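Please look over the sequence and the model before reading on.

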Amino acid sequence: MSIDRRKFLKIAGFSAVGVAASKLVDVYAKGSKFISKTASSAFNRTKTKSATQVELAMVVDLRKCKEGCTKCIEACNHTHNVPDFGESKDEVKWIWKEPYENAFLDQENFYMKNEFENKNFPVLCNHCKNPPCVEVCPTQATFVRPNGIVAMDWHRCIGCRYCMAACPYGSRSFNWRDPRPFIKDPNPDYPTRDIGVVEKCTFCDDRIAQGLEPVCVDVCPEKALVFGDLNDPKSEVRKLLKDNFSIRRKPGLGTNPKVYYLV
Amino acid sequence: MLEHALKGNKKYWSWLLFLSFIILVGFYFYLKQLSYGLGITGMNRNVSWGLYIGQFTFMVGVAASAVMVVLPYYLHNFKEFAKVTILGEFLAISAVIMSISFVTVDIGKPFRIMNMFLYPTFHSLMFWDVICLFGYLILNIVITRVTLGAEHKSVKPPKWIRPIIILSIPWAISIHTVTAFLISGLSGRSFWLTAIMAPRFLAGAFASGPALLVILCIIVKKLTNYNVGNKAIEKLGVIITYAMCVNVFFVLMEIFTTLYSGVPGDVSHLQYLYFGLQGKAVLTPWIWGSVVFSVASLALLIVPKTRNNHKVLFITCIMVFLAIWVEKGIALIVTGFIPNPFGQVFQYSPTLPETLIVLSIWALGFFLITIFYNIALSVRGEVKV
C-alpha cells in the first residue's frame with residue numbers, strides 16, 4: 001500500500017486528535033460514576049495487584065429486552081467496524097440475538113413463560129473468569145486484563161483458530177476474507193481488522209479506558225443491559241444479582257462466565 | 001549419498017514431473033488463498049477447522065506409525081524387518097513434513113508464525129505439538145542419515161545413534177498423543193472430550209500407517225527388485241489386524257458410552273455423523289463407507305488365508321487406509337463442530353481450491369517418498385540405473 005503525503009497528513013492529524021481526545025476523556029473518567037480509578041489503571045496489561053481488584057461483568061435483563069429491537073447490535077457493529085457480508089459463511093459477530101433454547105441449550109425447560117417463548121436474546125463473549133480461549137491460544141494474542149476483560153491483540157494473532165474450537169459459546173469470529181470493503185459506515189476512531197485474524201466482543205475495553213460504558217449498554221432503550229464491577233458490593237450489577245434470579249450460559253463447564261441473564 | 005536422488009530412469013523422472021505439476025497447481029491456489037483469505041475454503045464461522053486440520057491429524061498418525069517397524073527391529077532385534085525399517089522411517093519423515101504443511105496452510109496469518117516462538121505459551125497444546133513434530137522430524141532425519149550413510153560406506157553405524165533410535169520410539173507415541181490432547185481437552189466440544197481420544201488415535205495410526213507401508217512395499221517390489229520379504233509383509237499384516245481390531249473396538253466404546261448415557265449434547269454429534277440432524281447429512285455416506293470398509297477389512301485380516309495372500313492384503317490395506325482416512329481425516333474433526341455451540345447445524349464441504357491444496361500436499365508427500373526410497377534402494381544397490 002502506498003501512502004501519499006496528503007493521506008499521511010490526514011492520518012497523522014487524526015491520530016493527534018485521537019490522542020488529545022483520549023486525554024480529555026481520561027480527565028472526565030475520574031468523575032465517572034461506575035469506573036473507579038482502579039478500573040482505569042487495571043486496564044493496563046502490566047499486572048499490578050491492587051487491593052481492590054476489579055471484575056467487570058454484564059447483566060442482561062431478559063424481561064426487559066424487547067423482541068425485534070437490534071439497537072445494541074447496530075451500535076456495536078458501527079462502533080467496532082464489524083463488517084456485514086450479507087451471508088452466513090464468512091459472518092463476523094460480536095453481539096447478536098439467539099432464541100432462548102439455543103442460547104441456553106442445556107437449560108431447556110418445557111411450558112415456559114409466554115414472554116420467553118419464540119423470543120431472541122442477546123449473546124456475546126462471556127468474558128469468562130477461566131477462559132478456554134486464553135488457555136489454548138499459542139501466542140497469548142488473547143489474554144485476560146486485570147479488570148477481567150478477555151481481550152485480543154489483532155497484531156499478534158496468527159489465525160490458527162484454536163480459540164474458536166475452544167470457546168464453548170460460539171462467541172468468536174474469524175476474518176475469512178478482507179472485511180474492510182464490507183464495513184457499511186466505518187468508524188475512524190476504531191481499528192479495522194485484517195484478513196486471517198480472530199475477533200470478538202471486547203466489552204468495549206477502549207471505551208472503559210476512557211471511562212465510558214460499553215456501547216451496547218449505552219444505547220439500550222429499555223436499560224436491559226447493565227455493566228459494572230462484580231467485586232464492588234455497591235455496584236448496580238451486584239444489586240441486580242442480589243434482588244433477582246439469574247442464569248448463565250453453560251455454567252457447568254467451569255468457565256465462570258461474567259454475562260448474567262435475569263429471568 | 002544424496003546424489004542418488006538425481007539418478008533414475010525415465011519413469012522416475014516423469015513421475016516426479018507429474019507430482020511437481022500437482023504441487024504447482026496447489027501452490028497457485030495457496031497464493032490465491034493468501035490474497036483472498038481462508039474464505040476460499042469451505043470453512044466457516046461454525047465449522048472453523050476442516051479438511052486441512054483433519055488431514056494434519058491423520059498424517060501425524062501415519063508418521064507415528066513408523067514405530068511399528070522401528071520398535072520390533074531395534075528393540076526386539078526382529079531381523080525380518082531389516083529391509084522394511086528404512087522405508088518406514090522415510091515414510092515417517094514424509095508424513096511429518098505433510099503434517100506441518102497441512103497446519104501451515106490452515107494458518108490465517110502464516111507470516112506471523114514465529115509469534116509462537118517469540119511468545120512461547122506452555123499452557124497451549126499447540127506449542128507442545130509443534131515441539132513434538134519438529135523434534136520427531138529431526139530425530140528421523142538424523143537416524144536415516146546416519147544409518148543409511150554408514151551402510152553407504154559399508155561400515156557399522158556409530159554407537160551413539162542407538163539411544164537416539166530408542167528415543168524416537170516414545171517420541172513417536174508423543175506426537176500422536178499431544179495431537180489428540182489438542183482436541184480432547186476442550187470442555188466445550190463434547191464430541192472430542194473423551195479420555196480414549198489419544199489411545200484411539202494411536203490404534204487408528206498403527207493400522208493405517210502400516211497399511212500404507214504394505215501398499216508401498218508391494219509397489220516397490222513391483223517396480224524394482226527390492227523385496228522386503230514375505231515374512232515382513234506378513235508380520236505387518238498381523239500388526240494391522242490387531243491395531244484395526246482395537247481401533248474398531250474403541251469406536252464402539254465411544255458409541256456405547258454416548259448412546260447409553262444419552263446426554264443430548266453428546267448424542268447430537270453422533271446422530272449428525274451417522275444419520276443426519278435437522279435434515280442435514282453431508283458426512284453420512286462417507287462414514288457408512290468407512291464402516292463398510294472397516295468391517296470388510298477386519299474380516300479379510302482376521303482370516304489367515306486372506307491376510308497372508310499378498311494380492312488380497314494389498315486390497316485390504318487400501319480399505320483399511322481409506323476407512324481410517326475418512327474416520328480421522330474428515331469425520332472426527334468436522335463432526336466436533338456440528339452441531340455448533342447453539343445446537344444448530346451448519347455444514348461444511350471443502351471447496352475446489354481447498355481440495356487442490358490438500359491434493360498438492362499429498363503430491364508433495366509422494367514426491368518426497370519417491371526420492372527417499374530411490375536413495376535408500378540405490379544405497380542398497382537394488383536399483384539398476
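## Confidence

The model is predicted, with an ipTM of 0.92 and a pTM of 0.88. Chain B has a mean pLDDT of 94, and 99% of its residues reach 70 or more. Within chain B, helix H3 (residues 67-75) of chain B has the lowest confidence, with a mean of 93. The highest belongs to helix H11 (residues 284-302) of chain B, at 97.

For chain A the mean pLDDT is 85, and 80% of its residues reach 70 or more. Residues 23-51 of chain A have a pLDDT below 50, although this stretch has 36 contacts in the model beyond near neighbours in sequence.

## Chain A

Chain A contains nine helices and ten strands. Of its 263 residues, 43% are buried. Among contacts in chain A between residues at least 6 apart in sequence, 66% join residues at least 24 apart.

## Where the chains touch

The contact between the chains uses 40 residues of chain A and 32 residues of chain B. On the chain B side, helix H5 (115-118) and helix H6 (125-152) of chain B are the elements that give two or more residues. H6(B) gives the most, with three residues. By type, this side of chain B has 13 nonpolar, 15 polar and four charged residues.

## Helix H6 of chain B

Does the length of H6(B) agree or disagree with its residue count? At 1.5 Å a residue, its 28 residues should span 40 Å, and the end C-alpha atoms are 40 Å apart, so the two agree. Just after H6(B), Ser154(B) has a positive phi of about 55°.

The buried residues of H6(B) include Phe127(B), Trp128(B), Asp129(B), Tyr136(B) and Asn140(B). What do the buried residues of H6(B) pack against? Their partners are helix H5 (132-136) of chain A and, in chain B, helix H2 (51-64), helix H4 (85-106), H5, helix H7 (161-184) and helix H14 (352-379).

## The nonpolar core

In soluble globular proteins, nonpolar side chains tend to be buried together. In this model the largest nonpolar core has 176 residues. The members that touch the most others are Leu225(A), Ala63(B), Leu87(B), Leu91(B), Ile240(B) and Val320(B).

Leaving aside residues up to four places away in sequence, Ala63(B) touches Ala92(B), Ala95(B), Val96(B), Ser99(B), Tyr136(B) and Ile175(B). One of these, Tyr136(B), is also among the buried residues of H6(B).

Technical notes: Residues are numbered from 1 along each chain as its sequence is written. Chains are lettered from A and ligands numbered from 1 in the order in which they are written. Helices (H or I, at least four residues) and strands (E, at least two) are DSSP runs, numbered from the N terminus. A residue is buried if 20 or more other C-beta atoms lie within 10 Å of its own, exposed if 12 or fewer, and partly exposed in between; C-beta atoms are placed from the backbone. Two residues are in contact if their C-beta atoms, placed from the backbone, lie within 7 Å. pLDDT is the predictor's confidence in each residue, from 0 to 100. A nonpolar core is a set of buried Ala, Val, Leu, Ile, Met, Phe, Trp, Tyr and Cys residues joined through C-beta atoms within 7 Å. Ala, Val, Leu, Ile, Met, Phe, Trp, Tyr, Cys and Pro count as nonpolar, Asp, Glu, Lys and Arg as charged, and the others, Gly among them, as polar. The expected span of a helix is 1.5 Å times one less than its number of residues.
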